[in-house]
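Dear colleague,

I am handing over the structure below for your reference.

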Amino acid sequence: MEGNIRVEVLFPEIANLYGDLENIEYIKKSCPDVEVVHSHLTEEPEFMKRTPQLIYMGTLTENGQRLAAEKLTQYRDKLVSMIEEGVHFLITGNALEVFGGQIKDADGTCDCGLEIFPIHAKRDMMNRFNSLYLGKFEDIDIVGYKSQFTHSWRDEDASDEAFESLFETKRGPGLNPYITGEGIRKNNFMGTYVIGPLLILNPPFTKRLLRDMGAGDVTLAFEKEAMEAYEARVKEYSDPNTGFYY
Amino acid sequence: MGKLRFYIALWAAKLSIVALKITRHNGTNFPGVLALKICPQFLKYAGKPEKIIAVTGTNGKTTVCNMLLDMLTMDGIDVLNNKMGSNINSGIASSLIYGSSLSGKCRYKVGVFEVDERSALRVFPYMKPEYLLITNLSRDSIMRNGHPEYIAGILDRYIPETTKLVLNADDLISSAVAPENSRVYFGIEKMPGDIKGCINLINDMQICPRCHHMLEYEYRRYNHIGKAYCPVCGFKAPEYDYAGINVNLDDMKIDVRDKEGTGHYRLLNESVFNIYNVVSAVALLREMGYSHQKIQEFFEKLNIVGTRYDEEHVGDKTLYRLLAKEKNAFATSRVFDYISTLPGDKEIILMNSCQGDMKHWSENTCWLYDCDFEFLNRADIKNIVVCGPRRLDHRLRLLLAGVSEDRISYAEKEMDAPNKLKLFENDNVFVLYGTDSISLGMKVADKVLGMMKKGAGNREGGDK
């Protein structure tokens with residue numbers, strides 16, 4: 001099965017902040033037979049020709065968010081159908097806002113996402129939010145960071161079925177500081193503000209993702225060392241004496 | 001009320017200077033902090049030099065500022081500056097307090113100020129530089145600076161419209177700021193070692209700002225620094241008004257050509273980073289009216305700042321003390337690249353965990369995956385000692401960069417790291433410390449130095 005796995009990275013030329021592309025490098029190093037394809041802004045995305053096992057998009061600048069949303073608007077229906085069909089998506093950092101609705105800036109301007117999920121974001125470029133993150137994905141501890149100008153809120157008229165939270169927060173903020181639900185999960189779509197890079201910082205989650213994608217029970221690249229760093233971080237972040245906000 | 005507040009703030013801050021002198025706490029930001037606390041608009045009312053030169057940018061601004069300060073001082077000018085304080089609004093306020101009379105009048109005609117790029121919003125509304133030199137804009141602290149487009153946006157918004165900009169044409173991010181302002185560009189023409197593709201993890205200028213197709217580079221130094229053009233719409237980087245040419249690293253010389261002629265300059269350091277610093281300083285001084293001849297004379301007498309780069313020879317071994325800014329992947333990658341180009345076998349003590357963050361939370365280590373640890377995957381780097389709070393993260397990052405396990409050593413505490421060195425024949429040992437671990441870095445380096453001296457002494461004793 002491993003040889004048939006294809007990962008499509010959306011717009012790596014702009015969606016590459018905060019080491020996020022190393023999520024995919026880690027998959028590649030852990031499963032060398034995985035095929036990684038890059039879809040660029042000025043091309044038709046690969047998913048229009050062949051459905052991949054995983055679509056990935058990482059953190060962008062605010063201008064990058066606009067460009068990505070503009071580009072993907074014409075492919076919205078296909079994205080929705082892939083989410084419904086259970087194609088895996090991993091969307092990290094503020095890229096998740098591209099799949100939501102409006103991004104309202106404190107200066108009064110507004111950008112539009114794809115409106116696939118009923119969330120909206122509030123952005124304040126003069127106040128950057130930084131924190132550590134500790135949460136749960138089912139029975140797996142999740143660690144990482146938040147470093148962003150935005151937070152997201154579920155639209156008032158959104159139904160409970162529209163999406164679930166990806167992680168349940170133990171320490172740090174959820175989609176916004178007032179809730180414990182972090183990220184977006186629908187079928188195999190996973191979107192989260194948590195950066196790290198997420199897959200390198202969370203080897204148990206990565207193993208689970210790869211297994212769900214059909215890669216089998218993979219031994220990750222430098223799994224022993226990754227687990228040691230992960231376990232130390234879980235312990236550190238679980239310590240009430242560890243401050244969580246920058 | 002504003003002016004009265006200002007005087008109260010000024011006099012209180014002046015008094016604090018006396019108190020600081022008595023208690024031997026010179027060179028702190030406290031007077032500025034106090035003044036801004038009493039009068040938030042202190043910078044608006046404070047007396048300022050007639051001619052203000054500001055330097056900002058992600059990397060190199062301290063070095064360029066120090067060079068400019070030294071050269072203007074060589075010219076006999078008494079220059080007000082913030083060298084001893086910080087580069088944020090409180091540091092600049094402190095400088096203005098030191099430089100003013102009790103009536104608030106500035107005693108200096110010329111000021112050279114290093115301005116933190118993110119602090120532009122707190123400084124430039126009140127201080128209008130005649131010239132602003134922007135060295136470059138690149139990724140820095142994720143928590144504070146976000147990304148370079150964000151910083152460019154701040155500069156766009158707050159640079160005074162009367163300020164003339166001296167910009168790096170080889171950096172498409174900073175060269176595009178404040179497009180309405182008067183400007184000149186500096187850059188370095190094609191030189192040996194240039195490449196066309198990007199070998200770095202950070203590449204923040206990949207698409208054409210006009211048509212969004214992929215940019216290409218006539219030549220590239222590192223990351224997005226180089227001469228870019230768009231093969232689709234014809235967009236291209238600005239032409240140089242001040243062009244670094246004929247870079248000669250054997251003789252450590254560079255020429256700078258402008259519309260009036262060419263000057264011949266001494267390089268202070270072989271790193272490309274510092275070559276840009278030299279060209280930028282020449283460009284600024286030329287704009288101020290100095291002749292090539294005069295600037296050449298200044299350069300002959302300049303030295304590079306010690307805390308950022310230092311080497312010491314003991315017997316057959318060399319110790320390098322190098323600042324590798326923690327949480328700044330771009331700057332640390334430059335250091336790793338620089339080390340990789342030096343001849344000889346090497347060992348590295350990697351101690352740039354962020355000590356400051358460990359005091360109240362835990363470091364955001366995303367930057368490790370923006371940073372080119374791959375430069376350290378070399379046969380001549382025999383041993384890398386990871387240590388300190390983030391040692392497990394550094395070890396994993398090195399492994400993922402391809403560094404083999406047998407070349408990585410491990411010490412919990414920084415002071416134990418020297419014990420993990422092999423100190424082989426003709427060893428070059430690099431102690432890499434961060435901005436908030438300079439003093440710890442010096443202690444570790446001193447320990448290494450002691451071990452080297454002891455080893456050299458033992459060998460001399462043995463030879464007898």
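In chain B, 71% of the contacts with a separation of 6 or more join residues 24 or more positions apart; two residues are in contact if their C-beta atoms, placed from the backbone, lie within 7 Å. Please note that this is a predicted model, in which local features need pLDDT of at least 70 and side-chain atom pairs count only at pLDDT 80 or more, while totals for chains, interfaces and linings use all residues. Residues are numbered from 1 along each chain as its sequence is written, and chains are lettered from A and ligands numbered from 1 in the order in which they are written.

Chain B has 14 helices and 17 strands, these being DSSP runs numbered from the N terminus (helices H or I, at least four residues; strands E, at least two). Its radius of gyration is 23 Å, close to the 23 Å that the globule rule gives for 464 residues, so chain B is as compact as a globular protein of that length. The radius is taken over C-alpha atoms, and the rule is 2.2 Å times the number of residues to the power 0.38. Buried residues make up 53% of the 464 residues in chain B; a residue is buried if 20 or more other C-beta atoms lie within 10 Å of its own, exposed if 12 or fewer, and partly exposed in between, with C-beta atoms placed from the backbone.

Helix α13 of chain B (residues 391-400) is mostly covered, with nine of its ten residues buried. Among them are Arg391(B), Asp393(B) and His394(B). The buried residues of α13(B) pack against α1 and α6 (223-238) of chain A, and also against β14 (346-351), β15 (381-387) and β16 (408-411) of chain B.

The contact between the chains takes 37 residues from chain A and 25 residues from chain B. On the side of chain A that touches chain B, α6(A) gives the most, with six residues.

Chain A also contains an open sheet of six strands in the order β2-β1-β3-β4-β14-β13, with mixed pairing; two strands pair if DSSP finds at least two bridges between them. Strands β2 (35-39) and β13 (184-186) of chain A stand at the edges, each with a single partner strand, so one side of each is left without a neighbour in the sheet. Strands β1 (residues 6-10) and β3 (residues 54-57) of chain A pair in the parallel sense over three bridges, and Glu8(A) stands opposite Ile55(A) in β3(A).

Yours sincerely
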